[in-house]
Each structure stands twice: as C-alpha cells, then as structure tokens.
Amino acid sequence: MAATILITGAAQRVGLYCALALQRAGFQVVATYRRDKPGVAELRAAGVDCQFLDISDDQQLPQDIAKLADYLKHTYGNLRAVIHNASAWQGEEPVAGGLSEQLQSDAAVFDAMMRIHAKTPYLLTRALQPLLHADADRPADVIAISDFAVNTGSCNHMAYAASKAALENLVLSLARLLAPHAKVNAIAPALVMFNDGDDEAYKQHTLQKSLMGIEPGPSEVLAAVDYLLQSRYVTGRVIAVDGGRHLKLP
Ligand SMILES: NC(=O)c1ccc[n+]([C@@H]2O[C@H](COP(=O)([O-])OP(=O)(O)OC[C@H]3O[C@@H](n4cnc5c(N)ncnc54)[C@H](OP(=O)(O)O)[C@@H]3O)[C@@H](O)[C@H]2O)c1
C-alpha cells in the first residue's frame, strides 16, 4: 500500500499543486477541501482521496477532526505525513458603527485566523499522533505552512501574522512531543503566488520586497516539502522560502 499523506485545504493553488505532485510521486494523498470547486474534481481524477473539512465552526471543530482521524485510521491505518496548508488571508477591516462593532469584527477575524492556522493544526496533529508512522529507519513528518510575516508582523493582517506565529511555536512543542517517531517543521514562504485580484501596482510593490524579485510559484513550497520528507534529522525548524526578504534592507 502506498504511504499516505494528508494535506489540508488542497482545492486550489499551493495545496492543489502539492497534492497532485505528491500523488504523482507515488503517495496516496488525502486532501481536505471546503468548497467543491474544479480543483476537487482534478484531485479526484488523479486518485486523491478528497475529504470535506470546513474549519469555520469552533464548536464543531473537535468533532469534525475526530471524525477525520477515525476515517484515516480505518481506511489507511497509518500516515507518512500531514501537511497543514489550509489558510485564509483575512485582514482587519474598518466597519461602520461604533467601537463595539469594530471590536466585534476584529474579534471575529482574530478567532478565525487562530482557528485555521493554530487551533486546527494543534488539534489535528494531536488526533493523528497515533497514526504517524513511516518506516523503521525513517520518521513521519508534520509540516506546517507558515508565512514570512511572522518575522515582521503586518499592519493590516495583524491577526493573520499572530496566528502564523502561534503555529510556529506549536511546531516547537510538537517536535519535542513527537520525536523520534515524527519530525515537525514549518515552511515559511514570503510571496509564492499572487491572488487573482491583485493589481499591477501591488504586484510591483510586492516583487520589490525580496532580493530575488520574482513570483516563484508553488514548486518552491513543494521543493521544501520534498526536502523535509527526505530528511531523517531536521526537526523543530522553520524553512524560509522567501527570496531573501530578510536582507532587503533600506
Ligand atoms: N500564496 C502565497 O504567496 C503565500 C505566501 C506566504 C504563505 N503562504 C501560505 O501557503 C499556504 C498556501 O497558500 P495559498 O495561497 O495556496 O492559500 P489559499 O489560496 O488561500 O488556499 C487556502 C485553502 O484553504 C482553504 N480554507 C480557507 N478557509 C477555510 C475554512 N474555513 N475551512 C476549510 N478550508 C478553508 C481554502 O478552501 P476553499 O478552496 O474552499 O476556499 C483553500 O483551498 C497557506 O498556508 C498560506 O498561508 C502563501
């Protein structure tokens, strides 16, 4: 039986690219999705096992994660790797009304960011801990997709940046907890892919933030995933995939 890899939020862009590539490479990929969009059909056609997981309801989340873990246990027995990719790039927005309305909106953004980037990887990794096995001479992998913004914060995506920082801290604890059976690492990209609505001015401004000055595409994230899957020794680390953004000094 092919070794199984779970990847969350894989119906589009980076997740879709990595899920298809890992499936082609001989793994049995299980991909979670929220909206049934063309990417899900593409995954199914490639043989990827697509499982619905909506990470919007705080009350429902523990049950939904337990259900997914149970399904994986009974269908595949064990897991070679889990990739925490699901994400929402939600910023703080000004709202009409008074302070109370603004704070309610900010609180909802903060909760949503923490739920998808920190709480879900936390609960899911704990649920899947008993299933994480590779070979006798090779540990399993937990890979969390973080963001360069952890290093700088962000004026209009404060909660997003804070939630990715929480994720990177969880990587430290989980690496300690799961060794030596599993390695736990983060991959922290800066710009990988622009969004559809990004205008030319935004693109030029963003490209200038890195030393390399390019939009590298999802293959850079896949290359870092491949590296971590091949390593038997790297754990508790954040792999930066950022075009040298940290050195683009004024
Ligand atoms: N793209 C970049 O340049 C970049 C830069 C730095 C870091 N990253 C990180 O790299 C990873 C992949 O980035 P990306 O740009 O490919 O992400 P993306 O296009 O925003 O896709 C994220 C996926 O997460 C799913 N998702 C969002 N909210 C969800 C919810 N409430 N419940 C369940 N699923 C939900 C989405 O599902 P739907 O398909 O239903 O919308 C989507 O498929 C993310 O962790 C991101 O933070 C990306």
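How many residues does helix α4 have, and what distance does it reach from its first C-alpha to its last? Helix α4, residues 99-128, has 30 residues and reaches 41 Å, close to the 44 Å expected at 1.5 Å a residue, where the expected span is 1.5 Å times one less than the number of residues. The model is predicted, so that local features need pLDDT of at least 70 and side-chain atom pairs count only at pLDDT 80 or more, while totals for chains, interfaces and linings use all residues. Residues are numbered from 1 along each chain as its sequence is written. Helices (H or I, at least four residues) and strands (E, at least two) are DSSP runs, numbered from the N terminus.

| Helix | Residues | Span, first to last C-alpha | Expected span |
|---|---|---|---|
| α4 | 30 residues | 41 Å | 44 Å |
| α5 | 21 residues | 30 Å | 30 Å |

Helix α4 has a kink of about 45 degrees centred on arginine 115, the bend at a residue being the angle between axes fitted to the seven residues ending there and the seven starting there. The buried residues of α4 include Met113, Ile116, His117 and Leu128; a residue is buried if 20 or more other C-beta atoms lie within 10 Å of its own, exposed if 12 or fewer, and partly exposed in between, with C-beta atoms placed from the backbone. Among the elements that cover the buried residues of α4 are α3 (61-76), β4 (81-84), β5 (140-145) and α5 (158-178), contact being counted when two such C-beta atoms lie within 7 Å. The buried residues of α5, including Tyr160, Lys164, Glu168 and Leu178, are in turn covered by elements that include α4, β5, β6 and β7 (238-241).

**Strand β6**

In strand β6, residues 182-189, eight of eight residues are buried. Ala182, Val184, Ala186 and Ala188 lie on one side, and Lys183, Asn185, Ile187 and Pro189 on the other. Strands β5 and β6 pair in the parallel sense over six bridges, pairing requiring at least two bridges found by DSSP, and alanine 140 stands opposite alanine 182 in β6.

**Ligand shell and helix α1**

The ligand is surrounded by 25 residues, of which the closest are Gly9, Arg13, Val14, Arg34 and Ser87; a residue is near the ligand if its C-beta atom, placed from the backbone, lies within 6 Å of it. Helix α1, residues 13-24, gives the most to this shell, with three residues. Alanine 21 also has its place in helix α1, and is partly exposed because 17 other C-beta atoms lie within 10 Å.
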